[in-house]
Amino acid sequence: MTQRYKTVLLFGAPGAGKGTQGKILGQIPGFFHLACGDVFRSLDVNTDLGRKFLQYSSRGELVPDNLTIEMWRQNIHAQTVLALYKPHADLLILDGIPRSVAQAQAMGEHIEVLRVIHLVCPDLDKMVERMKRRAIKENRLDDAEESVIRRRFEVYDRETRPVLGHYPASIISEVNAMGSPAEVLQHILETVVPVQNTHFHNPLAEG
Ligand code: ADP
């Protein structure tokens with residue numbers, strides 16, 4: 001087996017703030033952030049895969065596992081070829097993937113999951129509000145309608161939540177997602193910095 005990418009998963013229900021936190025972490029040297037939803041949204045809607053994405057996401061459903069995994073694999077490979085992601089130097093922060101147990105199984109040969117950060121937000125109404133605000137700000141069709149948002153939560157409970165059971169409880173850290181972005185970031189860093197220190201050299205130490 002070739003070396004697997006050393007990875008931290010950002011996990012949680014839609015609207016929990018994975019994207020917000022992932023983007024911030026991705027700005028720090030030694031971290032590389034990849035959001036599966038962003039990769040899908042960057043597809044040309046005139047391609048087969050772009051059309052498939054719209055078809056599923058507009059209903060609040062997951063894109064089929066085989067298409068998702070294949071797209072993810074090609075994308076992460078391209079990032080390494082372009083040296084945007086350097087697996088020997090960067091901790092990979094994945095957000096929005098794996099989103100089903102089948103995806104977690106398929107990714108096992110590519111990623112070594114060192115930590116799962118589970119962003120927990122018990123207040124469903126608050127998350128729905130966040131998503132509606134984001135839909136307007138980011139022009140996201142999938143979150144513009146409350147019925148689609150509710151459907152996304154059902155899909156999360158049925159297909160995505162069980163992914164937590166795929167990983168040992170000892171590597172799962174729960175973080176309260178209800179605080180301010182800075183507060184949530186602080187808690188995530190408390191968990192992730194020791195992982196980075198254990199597995200990588202300080203990216204700026206050697207110039
Ligand atoms: P959020 O940030 O609100 O959780 P994302 O931007 O991650 O949402 O995903 C938007 C949509 O893209 C999903 O509803 C789904 O249709 C599709 N999608 C993203 N990641 C995956 C995945 N790993 N598997 C299948 N579909 C996905």
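**Figure 1. Helix H7 has 15 residues, which should span 21 Å at 1.5 Å a residue; its end C-alpha atoms are 20 Å apart, which agrees.** The model is predicted: local features need pLDDT of at least 70, side-chain atom pairs count only at pLDDT 80 or more, and totals for chains, interfaces and linings use all residues. Residues are numbered from 1 along each chain as its sequence is written, and side-chain values use heavy atoms, with hydrogens and water left out. Helices (H or I, at least four residues) and strands (E, at least two) are DSSP runs, numbered from the N terminus. The expected span is 1.5 Å times one less than the number of residues. The buried residues in H7 are Val 148, Ile 149, Arg 152, Phe 153, Val 155, Tyr 156 and Thr 160. These residues cover an arc of only 160 degrees around the axis, so they lie on the same side of H7. Buried means under 20% relative accessible area, exposed over 50%, and partly exposed in between (1.4 Å probe, protein chains only). The arc is that of the directions from the helix axis to the C-beta atoms.

**Figure 2. The rings of Tyr 5 and Tyr 85 form one of the 4 aromatic pairs in the structure.** Rings of Phe, Tyr and Trp (its six-membered ring) pair if their centres lie within 6.5 Å; planes under 30 degrees apart count as stacked, over 60 as edge-to-face and the rest as tilted. The pair of Tyr 5 and Tyr 85 is edge-to-face, with 5.4 Å from centre to centre and 75 degrees between the planes. Distant parts of the chain are linked by this pair, as its partners are 80 residues apart. Tyr 5 belongs to strand E1 (residues 5-12), while Tyr 85 is in the loop between helix H4 (65-81) and strand E3 (91-95). Both Tyr 5 and Tyr 85 are buried. Together with Phe 32, these two residues are linked by ring pairs into a cluster.

**Figure 3. The rings of Phe 11 and Tyr 156 form a tilted pair, because their centres are 6.1 Å apart and their planes are at 50 degrees.** This pair also links distant parts of the chain: Phe 11 is in strand E1 and Tyr 156 in helix H7 (residues 146-160), 145 residues apart. Phe 11 is buried because its relative accessible area is 5%.

Figure 4. With 17 residues, H4 reaches 24 Å from its first C-alpha to its last, close to the 24 Å expected at 1.5 Å a residue. After H4 comes Ala 83, in the loop between H4 and E3. Ala 83 is not a glycine, yet has a positive phi of about 60 degrees. The relative accessibility of Ala 83 is 41%, so this residue counts as partly exposed.

**Figure 5. The ligand is surrounded by 20 residues.** The closest residues are Arg 41, Glu 61, Gly 96, Arg 134 and Arg 152. An oxygen atom of the ligand is 2.8 Å from a polar side-chain atom of Arg 41. For Glu 61, a polar backbone atom is 2.6 Å from a ligand oxygen atom. A nitrogen atom of the ligand lies 2.9 Å from an N or O atom in the side chain of Gln 103. Arg 152, one of the closest residues, is also among the buried residues of H7.

**Figure 6. His 33 is in strand E2 (residues 31-35).** His 33 counts as buried because its relative accessibility is 15%. The side chains of His 33 and Asp 95 are joined by a polar contact of 2.9 Å. A polar contact is a pair of N or O atoms within 3.5 Å; within protein, one must be able to donate a hydrogen and the other to accept it, and residues adjacent in sequence count only if both atoms are side-chain atoms. A polar atom of the His 33 side chain also lies 3.4 Å from the backbone oxygen of Gly 22.

**Figure 7. A cis peptide bond joins Ile 97 and Pro 98, with omega about 0 degrees.** Pro 98 is in the loop between E3 and H5. Ser 100 is found in the loop between E3 and helix H5 (101-107). The relative accessibility of Ser 100 is 6%, so this residue counts as buried. Ser 100 and Glu 190 are 90 residues apart along the chain, and 27 Å separates their C-alpha atoms.

Terms used: A residue is near a molecule or strand if one of its heavy atoms lies within 4 Å of it.
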